[in-house]
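Take a look at the protein shown below.

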Amino acid sequence: MPTAPTDPEEFFSSYLPARFEDAATALQGVTSVGSITCRVLGSGEWSLRLSDGRVEVQRGMSDDVMLQLTVSKEDFGVLVVDAAERVD
């Protein structure tokens, strides 16, 4: 898997869905009841949901948010990008 991008837009729109592609078959038929919104201050918001085993990403906050995470852009690199690179 390629190195996790430090740009939040690229991370949520491209990298994260690609990371979950391998699990799509095992999760087929599973759909979340709501979404998780990740807000990176100064960069934007992305709502994530599971739909029939696939991760879907929507720019902005969905109407059915169940959990919202907010981090600064500086903390995004440490908390999200570094952690994603440690996961095989």
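A residue counts as buried when its relative accessible area is under 20%. By that cut-off, Phe 12 is buried, and so is Phe 76. Phe 11 is buried as well. Keep in mind that this is a predicted model.

**Aromatic rings**

A pair of aromatic rings is described by the distance of the centres and the angle of the planes. The structure holds five aromatic pairs. Two of them involve Phe 76 and are set out here.

| Pair | Centre to centre | Angle between planes | Type |
|---|---|---|---|
| Phe 11 and Phe 76 | 5.5 Å | 90° | edge-to-face |
| Phe 12 and Phe 76 | 5.8 Å | 50° | tilted |

Why is the pair of Phe 11 and Phe 76 edge-to-face? The planes of the two rings stand at 90°, and an angle over 60 degrees counts as edge-to-face. The planes of Phe 12 and Phe 76 are 50° apart, and that pair is tilted.

Which residues do the ring pairs link into a cluster? They are Phe 11, Phe 12, Tyr 15, Trp 46 and Phe 76.

**The largest pocket**

The largest pocket holds about 190 Å³ of space. Its lining includes Phe 11 and Tyr 15, and both of these residues are also in the ring cluster. Leu 16, Arg 19, Phe 20, Leu 79, Val 80, Ala 83, Ala 84 and Val 87 line this pocket too. Helices H1 and H2 each supply at least two residues of the lining. By class, the lining has nine nonpolar residues, no polar ones and one charged.

**The second largest pocket**

About 150 Å³ of space lies in the second largest pocket. Among its lining residues are Leu 16 and Phe 20, which also line the largest pocket. Others include Ser 32, Gly 34, Ser 35, Ile 36 and Val 55. Strand S1 (35-40) and strand S2 (44-51) each give two or more residues to this lining. Which strand gives the most? S2 does, with three residues. The lining divides into six nonpolar, three polar and one charged.

Terms used. Residues numbered from 1 in each chain as written. Predicted model: local features only at pLDDT ≥ 70, side-chain atom pairs only at ≥ 80, totals over all residues. Heavy atoms only, no water. Phe/Tyr/Trp six-rings, centres within 6.5 Å; stacked < 30°, edge-to-face > 60°. Buried < 20%, exposed > 50% of the residue type's maximum accessible area, 1.4 Å probe, protein only. 1 Å grid on protein atoms, 1.4 Å probe; cavity = no way out; pocket = protein on both sides within 12 Å on 5 of 7 lines; lining within 4 Å. Points joined across faces, edges and corners; volume = space filled by probe spheres on them. Helix = DSSP H or I, 4+ residues; strand = E, 2+ residues; numbered from the N terminus. Nonpolar A, V, L, I, M, F, W, Y, C, P; charged D, E, K, R; others polar.
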